[in-house]
Amino acid sequence: MVFGNSPTKRRRLWWLFLFIMYFTTAWSWTTQQPWSMSAPQPVQDKVPSHRRRQFQPPTQRPLPPRKGGTSNSNSKTGSSLLFSEHQTSDLAVSDSELIDSIIAAKTASEVDWTLRQALEGKNISLSTTDRLDTQQWQKQSNGCQQHGDDNKFVSVVKDGVDNKLPFSQLSLNVSSAVLRRMAHVSVLEARSKVDNSNDANYVSNHESVLREEMLVDLLKTLGVRLVSAHKSSSRDQGQPQQRQLGVYPLSDILQALAVLAPNESTRQKMKPLATIVVDLLAGVDALELYKLGPIRLVQCLQAMAKLQIRHPALQQRIYERLLKPDAVSKLPARFLAHGLSSLASLEKTKHNGIQNDEHGGSEKERKQVKTLSRAFMRRLRKRKLSEDATIEDLCRALVATSNLLELGVMTEMEDEAAIFGFTSLRTILDREMASSSSLLNPSQVTDLISSWASLTDQRREDTVIEQLLEVCLENGILEGCNLYQLEVVTRSVQKLDMSSHVELTKGVGEQFLALVVSNGSKKYIDVSPMTTNEILRWPILAHRKNKEIMEAYLGAASLLFAEDSFLARCSVGDLANFLWFLSSAHTFNEKILEGIGSRLMEPEYVDACSPKLASRILATFTSLIESEKHSPTESLIQIKQDLFHNYGGHLLSSSLSPSEISSALYAYAKGNYLRDMGVFDHLVSLLAASRHECTVRQLSQSLWSCGKMMAWEGRELVQDETDQMSKAGPPYVANAENIAEELSTRLDELSPADIAQIVWAMGKLSIRDDLMHSRFARRAKELSACLNASMISNILWGLARVEYKNEEIITELTYRLASPDLQTSPKEAASVLFSLGRLNWRDETLFYQFSQKMVEQIEDTNAQSIANTLWAFRAVHLRPPQELLDTWAAEKLGLMSVTNSYGNIERRSEK
């Protein structure tokens, strides 16, 4: 039997059958329109079946609506153009034909003509004094314009009577279709003007005026209706809505508003109305919302992202629908890319706090975004979809994936994002290589480089970036980049650590210089200081010694930094970075330094400065002024002193990093600024307190700064009778000892320059600690082969200053000094001999060898060096060379030596 042999089983099956029948019947009744004996009510704005697919222009223009008809709702010829309390429309016939005609229109004139034809078919009066006949309107219209084969005329005013279209009487379906079409017409008009002003589709001023007037009237009409519906829904919240607006026209309006907002100004104008539309969409039932289909739901997300509108409740409902397998599978490649882009934009809006979000981003929403982005990426990786996707689609998806990763959405999905990025980039490059002409524009190439810099895994071998950079260098891509795109390329190359790619860095510099020069007539008003800083940063870090690369960057910087109007637009951080660039590039320009220094002296810059920037300003400006290669003017020296006076107070902070403290100490010591020694003492104590966290370079440089400051102060610490340190010394000496002690525990990290600075500073500060000196001496012996003459001179001077005599280290250092490959200046030779004299170290060969070097370079020998050398010979009981004194006297003083009859030497002037 059909129902089985058991009576119990048959009974259960009958009950199941009856339940299914009951549920089916109840569902079918609840989905039908309620029947009423009262007067016909206005039909809801429901959308016919033709609206459930994407708009496609009809193959031929539909005929205008038939004339005649009644206001009865059952009339198949009734039009929905008049929407009143006592009239309904046959949406399946009237709206469908009219909307198809509107979609086929390409200009505002055609949209206007289409609506007027429909109105004329109903004999609807446009004014109280005149009825319009179609042919009569064509004959009497002013400002007529012909397009193509059809004559379509525009006339807003006829015989002094306002002939504007009655948008308030149109149904919401038609109004939304008109708005969306007019939005797309605006885009088409803008493109036609940019592409070719002489093209057949060129839009006249009259056409633009008509479009703007129609949009203004239409937006006002829709705004009134939407605001009314929004207030009604808010007032009746929690109760079933009697006249709920249709989801199709609402989605059309939302998309149109997004199209009409190409920039920030228009976005702010469209956003209030769009927010109302979003609220209305969020208020409809889920089943009604899902009738839009996956593509329209993605378009809604796209519109919300462009308008920077977040609505977590609506977004979650859309995400839930799109996460269904049947939804993602229906999305073509174009909308998958737009979906990823919309998710990234909405997450960025939430991250930046552009919109006050009362609900905030729930954990559920974050999981939905993560899951949906994964679904979109996996779908786009399918071979068929990847082949169907355009390069623009793949670029958009790649950029969106990078943005989602940077926003933290793809946590634990980094590998999958990198794989998607690699496959997409590989597909794009393969198409580019296979094409005879370039398929990529500068904007796309820079976006690809930036995205790949975020997606790539540095642990893996990168096989696509080289090819991508080659594309950037070829086909004039780099020459077509603007300043912002150059900034993106520079930042991405820095992130990828592509220091070996010299040609790209050189090309960016040349394009940067070309853009700066082209903007010179406008005083560089289009050049952003922030962009300039980003572009100048990378070459300094990677190629500062390459003159060929740096030439273009230095040329552009010289033009910009010399312009007062450009400096006036800079922040204190920008000016600090400019000084860092000049200091790192060892570029001294008196005019530029005076301009930047004078600008930094203004009160608003001083007040806005942070301790970090103050340290950078003082360190870089001092390094430029006190360079041995340049002789600064009195005005520059005064500016330096004023900078220390104004910005030194910012350094009385505990928020400075060890690097910033060390740089500030070096600036004070190098700049010989003694007026505010309290700042210097504070910085030394800060560094001593954090000495365990500092690098040996920071510690050794700070210790040298203390020694240099001691030299500037002119104080000498002497030993008293109990051989204890005099307490009359400055406060920073005790902290300097702690720094030296820390360095003595990290000998393996010390470089030759560190050793030279440490031993010299300890000698200058009179730190007499044999244990520390023995450790540093041992390290100096290990590094003796790497020491140059200047370093050895400083080490010997420091050891002699504290009378630390270690035969082993002195022997090693003098052996290194005797090396023929070691270049020694007269000043260094005199210092070495003076230090050996104080140590009472007699090395006759070295003494006469160094004195001979001084004779050979007598032009560079000063009186102090001669005096130190003569004293050193006397200290070790050696006879000073007569040739040294005679040569110096002859060359420097113009005297020549003669011997009288008694054998005594006399000095006579050559004159």
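Reader: Which residues of helix 10 are buried?
Author: This is a predicted model. In helix 10, the buried residues are Gly293, Pro294, Ile295, Arg296, Leu297, Val298, Gln299, Cys300, Leu301, Ala303, Met304 and Ala305.

Reader: ok, and what does that say about helix 10?
Author: Twelve of its 14 residues are buried, so helix 10 is largely enclosed by the rest of the structure.

Reader: How far apart are the end C-alpha atoms of helix 10?
Author: They are 20 Å apart. Helix 10 covers residues 293–306, and at 1.5 Å a residue its 14 residues should span 20 Å, so the two values agree.

Reader: What comes just after helix 10?
Author: Gln308, which takes a positive phi of about 60 degrees.

Reader: New topic. How do helix 25 and helix 28 cross?
Author: Two packed helices are described by the angle between their axes and the distance between the axes. For helix 25 (residues 572–584) and helix 28 (residues 611–625), the axes come within 9 Å and cross at roughly 35 degrees. The crossing is left-handed.

Reader: Which residues meet there?
Author: From helix 25, they include Val572, Ala576, Leu579 and Trp580. From helix 28, they include Leu613, Ile617, Phe621 and Leu624. By class, this contact of helix 25 with helix 28 has nine nonpolar, five polar and one charged residues.

Reader: And the chain overall, how many helices and strands?
Author: The chain has 41 helices and four strands. Of its 911 residues, 49% count as buried.

Key. Residues numbered from 1 in each chain as written. Predicted model: local features only at pLDDT ≥ 70, side-chain atom pairs only at ≥ 80, totals over all residues. Heavy atoms only, no water. Helix = DSSP H or I, 4+ residues; strand = E, 2+ residues; numbered from the N terminus. Expected span 1.5 Å × (residues − 1). Buried < 20%, exposed > 50% of the residue type's maximum accessible area, 1.4 Å probe, protein only. Axes fitted to C-alpha atoms, helices over the stretch in contact; angles between N-to-C directions. Left-handed = near helix turned anticlockwise from the far one by under 90°. Contact = heavy atoms within 4.5 Å. Nonpolar A, V, L, I, M, F, W, Y, C, P; charged D, E, K, R; others polar.
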